[in-house]
Amino acid sequence: RIVFVNGEFVPYEEARISIMDRGFLFGDGIYEVAAVLGGRLVDNDAHLARLVRCLGEIGIENPYPVAEWAQLEEELVKRNGLVEGLVYMEVTRGVWERDFPFPPADVKPTVVMFTQEKSITGSKLAETGAKVITVPDLRWKRRDIKSVALLAQVLAKQEAAKAGVSEAWMVEDGYVTEGGSSTAFIITKDGRIVTRPLSNAILPGITRQAVMHLAEEQGLTLEERLFTVEEALDAAEAFYTSASAFVMPTVEMDGKPIADGKPGPLTRRLRALYLDMAQATNSG
Ligand code: PLP
C-alpha cells in the first residue's frame, strides 16, 4: 500500500508525521474524500474546489494548484491499483512547538493522502436500505468547513454503531442538520425532495449538489428547507448522500420504519441516476 506524505509516495509502513503536527495536537486541518469508480475519480473538480475553499476559510495556504492535486490523486490511485473505493486527502497547519496561534508563515502545511478499497456500487446495504438513529448535534458553528476535528461525529457514529445502525442523523432545535458523514434528505408524500439549505450549519455535500442537479434535470421538485424528525418519520422516502455511499436509502429511524421500511422508488431512481453519472464522468 502506497501513501502520499509531504511530497512523496512511500509505503504505508514508512509514512511518518511529527507528534507536533497541528492536525494531531489541535485538529487544526481539513480533509477531503472523493470516490473512485473504475479506477477514476468521481466529481473530483467539485471535491478539489471544496478543499481549496476550506483551506482558505481557515487560512492555510493551498500547497498545490488544483491540477497538481488531481495529478497526485490519480498517481496514488494508479500506484495502488485502486479500482473502486476512496481517496482521502488531509492538509494540516504543519509542525511547530505546541502553541495555539498560527506558526510562522514559512512553516509548511502537512499533506497526507491515502486510498481505501470499498465496494460502493455493489453495496448490499443500498438494496435493503440503511437504518439511522437521531442524536443531538454537538458540533461547532462552522460545519461548512470540512475540519478534521470530528469528535462530535465520532461520538454520534459510535452511538449509531452501538445501536446496530449505519448512520446518525444529527438534530438541532428539532430539525435534522445532516448525517454524521452524509447529507440527509426526505421525500414528502407529494413527491417533494427536501434537504436542508446550505449554511454554516452543514457541510456543502458534493454528492448533495450532484443529486440535486440530477433531480432538477428530471423535472423533480426540490425543496431546500429545514425538516423535523417527525417529518422524516412521516416521509414517503428518505435517503442520505456522501462520496462514500452515493445515494443510500434510509428505511428506519430510531427503530421506526419510514413508510413501508423499504427503499423508495424515487430514491432508487436517484441512486441509479447518480451511478450513471459517476460512470459517465469516468469514461469521459
Ligand atoms: N456532511 C458531513 C458532516 C460529512 O462528513 C459528509 C461527508 O463526509 C457529507 C455531509 C457528505 O459530503 P460529500 O457528499 O461531499 O461526501
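User: Why is arginine 40 called partly exposed in this model?

Analyst: In this predicted model, arginine 40 has 18 other C-beta atoms within 10 Å. A buried residue needs 20 or more, and an exposed one has 12 or fewer. The value of 18 lies in between, so arginine 40 counts as partly exposed.

User: Where in the chain's secondary structure is arginine 40?

Analyst: Arginine 40 belongs to strand β4, which covers residues 40-41.

User: What makes Leu203 one of the residues around the ligand?

Analyst: A residue is placed there if its C-beta atom lies within 6 Å of the molecule. There are 13 residues around the ligand, and Leu203, Gly205, Ile206, Thr207 and Ala243 come nearest.

User: Which elements supply at least two residues of that shell around the ligand?

Analyst: They are α6 (206-217) and β13 (237-242). The largest share, 3 residues, comes from α6.

User: How is the shell around the ligand divided into nonpolar, polar and charged residues?

Analyst: It has 4 nonpolar, 7 polar and 2 charged residues.

User: What are the domains, and how far apart are their centres?

Analyst: Domain 1 is 2-117 and domain 2 is 126-283. Their C-alpha centres lie 26 Å apart. The contact takes 22 residues from domain 1 and 15 residues from domain 2. On the domain 1 side, β3 gives the largest share, 8 residues.

Notes
Residues are numbered from 1 along each chain as its sequence is written. This is a predicted model: local features need pLDDT of at least 70, side-chain atom pairs count only at pLDDT 80 or more; totals for chains, interfaces and linings use all residues. Helices (H or I, at least four residues) and strands (E, at least two) are DSSP runs, numbered from the N terminus. Ala, Val, Leu, Ile, Met, Phe, Trp, Tyr, Cys and Pro count as nonpolar, Asp, Glu, Lys and Arg as charged, and the others, Gly among them, as polar. Domain bounds come from an automatic or database domain assignment. Two residues are in contact if their C-beta atoms, placed from the backbone, lie within 7 Å.
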